[in-house]
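Subject: Structure handover

Hello,

Here is the structure you were waiting for. Please open it alongside this note; what I found follows below.

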Amino acid sequence: MEEDFVILKYHERAPTLAMCRKCKVKFFTVHVSRLGPIQAEQYLWEKFSAHDCKVAEFPSRHLRSRRAV
Ligand SMILES: [Zn+2]
């Protein structure tokens, strides 16, 4: 499960944006400057472990299927 947690962006060493690799849900910290690097990461991790992970089988295919009628 841990390897599905990816941090995408940092702001002054504090993680600001993370993602679940499985369901592509993104998590972001709001007051990073107040939280600090460790707490920011903890915050993202908590959000990650609390999220409802639903793996879509072909998410990209659904997004791209637009029919020109
Ligand atoms: Zn997930």
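**The sheet**

Three strands make an open, antiparallel sheet in the order E1-E2-E3. Two strands count as paired if DSSP finds at least two bridges between them. Strands (E, at least two residues) and helices (H or I, at least four) are DSSP runs, numbered from the N terminus. E1 (5-11) and E3 (26-28) are the edge strands, each with a single partner, so one side of each has no neighbour in the sheet. On average, neighbouring strands are turned by 25° against each other, direction ignored. Axes here are lines fitted to C-alpha atoms, for helices over the stretch in contact, and angles run from 0 to 180 degrees between N-to-C directions.

Before you read on, two notes on the model. It is predicted, so local features need pLDDT of at least 70 and side-chain atom pairs count only at pLDDT 80 or more, while totals for chains, interfaces and linings use all residues. Residues are numbered from 1 along each chain as its sequence is written.

**Overall layout**

The chain has three helices and three strands. Along the sequence the pattern is β-β-β-α-α-α. Of the 69 residues, 16% are buried. Buried means 20 or more other C-beta atoms within 10 Å of the residue's own; exposed means 12 or fewer; partly exposed lies in between, with C-beta atoms placed from the backbone.

**The E1-E2 hairpin**

E1 and E2 run antiparallel and are joined by six bridges. Two residues separate them in a hairpin, and Glu12 in the turn has a positive phi of about 50°. His11 stands opposite Ala14 in E2. Phe5 stands opposite Cys20, also in E2.

Phe5 is found in strand E1. Leaving out residues up to four places away in sequence, Phe5 touches Ala18, Cys20, Trp45 and Phe48. A contact here means C-beta atoms, placed from the backbone, within 7 Å. Phe5 and Trp45 are 40 residues apart in sequence, yet 7.7 Å apart in space, C-alpha to C-alpha.

**The core**

Nine residues form the largest nonpolar core: Ala14, Ala18, Cys20, Phe27, Val32, Ala40, Tyr43, Leu44 and Phe48. Such a core is a set of buried Ala, Val, Leu, Ile, Met, Phe, Trp, Tyr and Cys residues joined through C-beta atoms within 7 Å. Strand E2 (14-20) and helix H2 (37-50) each supply at least two of its residues. H2 gives the largest share, four residues. Nonpolar side chains tend to be buried together in soluble globular proteins.

**Helix H2**

In H2, the buried residues are Ala40, Tyr43, Leu44 and Phe48. Seen down the helix axis, they fall within an arc of 135°, so they line one face. The arc is that of the directions from the helix axis to the C-beta atoms. They pack against E1, E2, E3 and helix H1 (32-35). Ala40 touches Ala14, Pro15, Thr29, Val32 and Leu35, again not counting residues up to four places away in sequence. The face of H2 turned away from the buried side carries exposed Ile38, Glu46, Ser49 and Ala50.

Best wishes

Definitions and conventions: Contact = placed C-beta atoms within 7 Å.
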